[in-house]
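Hi,

Here is the structure I promised to pass on.

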Amino acid sequence: MPQKGAVLVRSQLIELSREFGQARWAILGEGNTSGRVDEKVFAVKSSGSSLGTLTEIELTECYFGKLIPLLDRKSVPEEEVENVLLASRVLPTTLKPSVETFFHAYLLTIPGVNYVGHTHPVPVNQILCSNLGASFAEERRFPDEVVCCGPVSLLIPYEDPGLALAVRIRRDMQSFERAHGRNPKVILLGNHGVITIGQTTEAVRVAMAMTVKAAEIFVGAHALGGNISMPQSEVNRIENRLDEEYRRKMLRV
Ligand SMILES: [Zn+2]
C-alpha cells in the first residue's frame with residue numbers, strides 16, 4: 001500500500017475520533033478508533049489518549065500478524081499480552097496501542113470492515129447497565145435506526161477488556177453471522193459501551209450517532225411507561241426496500 005493510503009486512513013481516523021470525543025461519547029482515555037491501512041497493517045488509537053483531542057502521534061500502526069495469533073491461545077499471561085502489544089508496533093518509537101487493540105485487529109480482518117469505532121456514550125450505557133440490553137439490541141424503534149444500524153445488533157455480556165473481550169467478540173460475531181447470514185453494524189458490550197464497524201468512516205459515524213439517538217429514545221420511552229418497538233415485518237421490509245438501499249448508498253453505510 002502506498003504511503004498515501006496510510007495518510008488518508010490516519011486523517012480520517014483523527015476526524016472521526018475528535019467527533020466522538022467532542023460529542024462526549026467518550027471522556028478522558030475512553031474509547032478508541034482504528035482503520036485498516038493494508039492487509040498487514042492497521043492504525044489504532046494509543047493507550048490513554050483522548051478521542052476528543054487526538055493528534056497524529058497518538059495513532060499507532062500495528063501488524064495484524066503479531067496480534068491475531070493470540071486469539072487462538074488458551075491462556076496468555078498478562079505480561080506476554082503487554083509485550084505482544086508493544087511488539088506489534090510497526091515503529092518501536094510510537095506510543096503503546098490501546099488495550100482494546102486486539103478486538104480492533106480482529107474486526108478489521110472481516111471482509112468489508114475497514115474502520116472500527118468504539119465509545120462509551122451515557123445513553124447507551126444506561127441501557128447496557130440495565131436488564132433491557134437484549135430488547136435494545138434485538139428490536140428497532142424507528143426506520144432510520146434500521147437503515148443506519150441494521151435490523152439487529154449483537155449484544156455481548158460483560159467481558160474483561162483486552163484479549164478476553166476480543167476472543168469473546170470473535171466467537172459471538174461468528175455465531176451472529178451463522179444465525180443472520182451477515183455481520184452486525186453495531187456491537188453492544190454489556191456494562192461497557194458500543195462498537196460500530198463499516199467500510200468507511202461515514203458508516204462507522206452514522207451507526208454510532210444513530211445508536212446514541214436510539215438509546216436516548218429508548219430510555220425516554222421507558223421513562224414514559226414503556227418502549228414500543230416497530231413490528232418485525234416492518235423492520236424486514238425497510239431492510240429490504242429499494243429506496244432504503246438508495247439512502248444507504250447515499251449515506252455510504
Ligand atoms: Zn471500551
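Before the sheet, one term: two strands count as paired if DSSP finds at least two bridges between them. One of the contacts to look up is threonine 119, whose bridge partner in S7 is valine 194. Do keep in mind that this is a predicted model.

Now for the whole sheet. It is open and has seven strands, in the order S3-S2-S1-S4-S7-S6-S5, with mixed pairing. At the edges you'll find strand S3 (59-63) and strand S5 (154-156); each has a single partner strand, so one side of each has no neighbour in the sheet. From one strand to the next, the twist averages 20 degrees.

Two helices to pick out against that sheet: helix H8 (residues 163-180) lies across S5 and strand S6 (186-189), at about 145 degrees to S5. H9 lies across S4, S6 and S7, and runs at about 145 degrees to S7.

H9 turns up again in the core. The largest nonpolar core has 60 residues, and the ones touching the most other members are Val116, Ile187, Leu188, Val204 and Ala207. Helix H9 (residues 201-223) supplies the largest share of this core, with nine residues. As background, nonpolar side chains tend to be buried together in soluble globular proteins.

Stepping back to the whole protein, there are 11 helices and seven strands. The radius of gyration is 18 Å, close to the 18 Å that the globule rule gives for 253 residues, so the protein is as compact as a globular protein of that length. Its C-alpha trace spans about 55 × 35 × 35 Å along the principal axes. Of the 253 residues, 41% count as buried. Among contacts with a separation of 6 or more, 70% are between residues 24 or more positions apart.

Most residues other than glycine have a negative phi. Which way does arginine 24 go, positive or negative? Its phi is positive, at about 65 degrees. Arginine 24 sits in the loop between helix H1 (3-22) and strand S1 (32-36), and it is partly exposed, with 13 other C-beta atoms within 10 Å. Leucine 28 is found in the loop between H1 and S1 and has a positive phi of about 50 degrees, although it is not a glycine. Leucine 28 counts as exposed, with 12 C-beta neighbours inside 10 Å.

Cheers

Terms used: Residues numbered from 1 in each chain as written. Predicted model: local features only at pLDDT ≥ 70, side-chain atom pairs only at ≥ 80, totals over all residues. Helix = DSSP H or I, 4+ residues; strand = E, 2+ residues; numbered from the N terminus. Rg over C-alpha atoms; globule rule 2.2 N^0.38 Å. Buried ≥ 20, exposed ≤ 12 C-beta atoms within 10 Å, placed from the backbone. Contact = placed C-beta atoms within 7 Å. Core = buried A, V, L, I, M, F, W, Y, C linked by C-beta atoms within 7 Å. Axes fitted to C-alpha atoms, helices over the stretch in contact; angles between N-to-C directions.
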